[in-house]
Amino acid sequence: INLYPKKDKEYLNLLKLISNYIHCDINNILLTNGSGEGLKLILKTFSNDDTNILIPTPNYPGFIHDAKLTSKNVNLVYFNGLENDISKLEDDIQKNDIIYFSLPNLPLGYEITHNSLLNLITKYNDKLFIIDEAYIEYGTNKSFIQYINYENIIITRTFSKAFALAGARLGYIVCNTKLLYYLNIPYCTKTITKYSILNGIKVMNNLSYYLDNVKKDRDNWNKFYNNI
């Protein structure tokens, strides 16, 4: 604890373990002090006071708060996650520079099919789409990480939910290497402690235990809702 955190062998080891878990090259991953810091880093890198930011609501209040601290043009638009309604967001997407989704959504829990959202991401390739996958392990859709060849998608992940490391403050960003290049400019390795990295390694080496717990949670939820 008397040394500053740095990108050492444990840091690289954790990157490799995450890489194997999400099936992605380590050069597309950036460790952060929780996904919250990752979202702040994205805003710091790609936005300013005049950036137009679209947030379908209800949504993660932490990002709404940080977005309002970053820009005076934060646009909150009600969206309930219904597939038939996603086209209604198109007019708002055209008017904004950054579009944020939490998928599965916090707090409604909805998910959006990949094709529905990818059509918009492809059509508006001059917009930056942030996809917060904090609860991805609890969802039914696959991750958007498989689409990081797109240069306008950034995905954030966390160890705080499925992996129960909220206090360790550990998360990561996944995106195209071109975007990662810019994110690395204001990035500070000192924000991620060795304590966090070592706990992350322990989790990644015991994935089956945590994913089994997630499955049990989902099974219990289904039993509860089926009895309503």
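1. Helices (H or I, at least four residues) and strands (E, at least two) are DSSP runs, numbered from the N terminus, and two strands pair if DSSP finds at least two bridges between them. Ile53 has Ile98 in S4 as its bridge partner. In general, strands of a sheet pair through backbone hydrogen bonds, either parallel or antiparallel.

2. A word on what you are looking at. This is a predicted model, where local features need pLDDT of at least 70 and side-chain atom pairs count only at pLDDT 80 or more, while totals for chains, interfaces and linings use all residues. Residues are numbered from 1 along each chain as its sequence is written, and side-chain values use heavy atoms, with hydrogens and water left out.

3. Now for the whole sheet. Seven strands form an open sheet in the order S1-S7-S6-S5-S4-S2-S3, with mixed pairing. Strand S1 (29-32) and strand S3 (73-78) each have a single partner strand, so one side of each has no neighbour in the sheet. On average, neighbouring strands are turned by 20° against each other, direction ignored.

4. Two helices pack on this sheet. Helix H1 (residues 9-22) touches S1, S6 and S7, and its direction makes about 120° with that of S1. Helix H3 (residues 61-70) touches S2, S3, S4 and S5, its direction making about 160° with that of S2. Contact means heavy atoms within 4.5 Å; axes are lines fitted to C-alpha atoms, for helices over the stretch in contact, and angles run from 0 to 180 degrees between N-to-C directions.

5. Buried means under 20% relative accessible area, exposed over 50%, and partly exposed in between (1.4 Å probe, protein chains only).

6. Rings of Phe, Tyr and Trp (its six-membered ring) pair if their centres lie within 6.5 Å; planes under 30 degrees apart count as stacked, over 60 as edge-to-face and the rest as tilted. By this rule there are twelve aromatic pairs. In one of them, the rings of Phe163 and Tyr210 have centres 6.0 Å apart and planes at 75°, so the pair is edge-to-face. Phe163 lies in the loop between strand S6 (153-158) and strand S7 (171-175) and Tyr210 in helix H8 (residues 207-226), so the pair ties together parts 47 residues apart in sequence. Phe163 is buried at 2% relative accessibility, and Tyr210 is buried at 18%.

7. Finally, some backbone details. Cis peptide bonds join Thr57 to Pro58, with omega about 5°, and Leu106 to Pro107, with omega about 15°. Pro58 sits in the loop between S2 and H3, and Pro107 in the loop between S4 and H5. Ala164, not a glycine, has a positive phi of about 55° and is exposed, with a relative accessible area of 58%.
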